[in-house]
Amino acid sequence: MMRTSDSLRIGDAERDITIASLARHFADGRLTQAEHDERVGLALKAKTGADLRTLFTDLPLLSDPPPQ
């Protein structure tokens, strides 16, 4: 059986990218401080790609990657 990327376990690098993207959405005014804090907490606890994907369901795709 083939697994999708949503079912694969993630590591610190994926969490760091997610947190940087959330910071950009916060800086752009799409998230309140409380929403940002909550989503960062969830990102830090995420175990799979699906856990991270759910943090962005109501946010637009970013046109370019966040600065590293």
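Colleague: Okay, what covers the buried residues of H2?

Modeller: Keep in mind that this is a predicted model. The cover over the buried residues of H2 includes helix H1 (12-27) and helix H3 (49-53).

Colleague: How far does H2 reach from its first C-alpha to its last?

Modeller: H2 takes in residues 33-45, 13 residues, and reaches 19 Å, close to the 18 Å expected at 1.5 Å a residue.

Colleague: Which residues of H2 are buried?

Modeller: Start with the general idea. An α-helix has 3.6 residues a turn, so residues three or four places apart point the same way. Now the case here: the buried ones in H2 are His36, Arg39, Val40 and Ala43. They sit on the same side of H2 because the arc they cover around the axis is only 105°.

Colleague: What about the other side of H2, which residues are exposed there?

Modeller: There you'll find Ala34, Glu38 and Lys45, exposed.

Colleague: Zooming out, what share of the residues in the chain is buried?

Modeller: Of the 68 residues, 26% are buried. The accessible surface of the chain is about 4,900 Å², and carbon and sulfur atoms hold 57% of that.

Colleague: And how do I read the contacts by separation?

Modeller: Take the contacts in the chain with a separation of 6 or more: 72% of them are between residues 24 or more positions apart.

Methods
Residues numbered from 1 in each chain as written. Predicted model: local features only at pLDDT ≥ 70, side-chain atom pairs only at ≥ 80, totals over all residues. Heavy atoms only, no water. Buried < 20%, exposed > 50% of the residue type's maximum accessible area, 1.4 Å probe, protein only. Contact = heavy atoms within 4.5 Å. Areas by Shrake-Rupley, 256 points an atom, 1.4 Å probe, with all protein chains shown as cover. Helix = DSSP H or I, 4+ residues; strand = E, 2+ residues; numbered from the N terminus. Expected span 1.5 Å × (residues − 1). Arc of directions from axis to C-beta.
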